[in-house]
Amino acid sequence: MDPALLALFVGAALASLFMAWVIGAGSSGATPYAPAVGANAIGTMRAALLVGIFGFAGAVTQGGNVSEAVGSGLVGGISLPVTGVILVLVLGAGLMAVGIMTGYPIATAFTVTGAVIGVGLALGGTPVWPKYQQIAAVWVLTPFVGGGIAFGIASLLPRPDVPERYSIPVLAGVVGAVLVNVQFSFLGEGSASRTVRGLGQRALAIDGFASTVAITGLAGLAVAAVVWWDVRRDEQGGLRRVLLALGSLVAFSAGGSQVGLAVGPLLPLLDEVPAVSTFAVLVGGGLGMLVGSWTGAPRMIKALAQDYSSLGPRRSIAALIPSFAIAQAAVAFGIPVSFNEIVVSAIIGSGYAAGGSGVSRRKMLYTVLAWIGSLLLALSLGYGVFTLIDALVA
């Protein structure tokens, strides 16, 4: 291999690690356990420790879809050169670092997507409008869908005519039904084969819609039964354990989604460096996020847990259930999504179920403006800076 190319690849890998650290310290490291910390179910430092572990597991087992989309699905007709990859990662990480220092959750998906598109267009690439429509639909609908579901659940749980010894197990059963259909890369090829449900179908030598419904339903019932037994014998302790389990699932989903924003731009370069595999890149990104979660996430966890809404365990559960479902849908379809947007929207929805007294409207407005501004700024900087670099080199 050309030594100059190798040196540039090492530089791009270091930029990717920095981005992974920033993601771990920011969006994926802060949002999964923020509702649990806000409900006093877990301490800030312990939350940072757990989110790093589960985020790493998600990155390694679920990170491929979003990584491929970010690496080659946003701009057509071109492949990012090493200098473009470095620029994308530095811009994305830099804007994220500003958000961490100021306490405002800049959306990683917005900054990286904007930077990749900006650099790609500067290279003469063509817009991939169908992918942009998918991404825009998810980004626009997430606050309404996630916030709406969280509002509905948070409105239901305190009602005296809906006992929590029944409502919480039912909700946990729904989560179990979703989990059994979640894709894991190590379970096989194909979307259905990569799920626990698909693994069960292969083991039983059955197939078809009826077996899919049966296995999904049985999984949901099994989870609901365990949670019903736990909540019945210890209501407060059971609620706390459900909340922590949901936080762990959201942290796992964050790793599977957000690692693609850090390592996705590197994937097109692997053809030039055959000794490095996609799996190795995902492991490196997962480790970078793990270290970021352990060293930088507590500040953002505190900001989300205390500044947006003062949540109890029931409203926290209401916030995490739609967060998990939306995150897994984005991972399955390979759509880069902001965990800040997902969880903040759910937190706000659950907060409004209690009258909205714990929700900071000023903080909400600044956060939305930061999201929009970071996308436009990353796109324009990516286009402008790479155009300048190209002109200077030429």
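A: What follows is a short chat about the whole chain and then one residue.

Q: What kind of model is this?
A: This is a predicted model.

Q: How many helices and strands does the protein chain have?
A: The protein chain has 16 helices and two strands.

Q: Why is the chain said to be as compact as a globular protein of that length?
A: Its radius of gyration is 21 Å, close to the 21 Å given by the globule rule for 394 residues, so the protein chain is as compact as a globular protein of that length.

Q: And what box do the C-alpha atoms fill?
A: Along the principal axes, the box is roughly 70 × 55 × 35 Å.

Q: What share of the residues is buried?
A: Of the 394 residues in the protein chain, 53% are buried.

Q: What about the accessible surface?
A: The accessible surface comes to about 16100 Å². Carbon and sulfur atoms contribute 71% of that surface.

Q: Switching to charges, how many side chains are positive and how many negative?
A: There are 18 positive and 14 negative side chains. The centres of the two sets lie 14 Å apart.

Q: Now one residue. Where is S316?
A: S316 sits in helix α14, which covers residues 313-333.

Q: Buried or exposed?
A: S316 is buried, because its relative accessibility is 0% and buried means under 20%.

Q: How far is its C-alpha atom from that of A34?
A: The two C-alpha atoms are separated by 8.7 Å, although S316 and A34 are 282 residues apart along the chain.

Q: What share of the chain's contacts with a separation of 6 or more links residues 24 or more positions apart?
A: Such pairs account for 84% of those contacts in the protein chain.

Methods: Residues are numbered from 1 along each chain as its sequence is written. This is a predicted model: local features need pLDDT of at least 70, side-chain atom pairs count only at pLDDT 80 or more; totals for chains, interfaces and linings use all residues. Side-chain values use heavy atoms; hydrogens and water are left out. Helices (H or I, at least four residues) and strands (E, at least two) are DSSP runs, numbered from the N terminus. The radius of gyration is taken over C-alpha atoms; the globule rule is 2.2 Å times the number of residues to the power 0.38. Buried means under 20% relative accessible area, exposed over 50%, partly exposed in between (1.4 Å probe, protein chains only). Contact means heavy atoms within 4.5 Å. Accessible areas come from the Shrake-Rupley method with a 1.4 Å probe; for residues, only the protein chains shown count as cover. Lys and Arg count as positive and Asp and Glu as negative; His and the chain ends are not counted. The place of a charge is taken as NZ of Lys, CZ of Arg, CG of Asp or CD of Glu.
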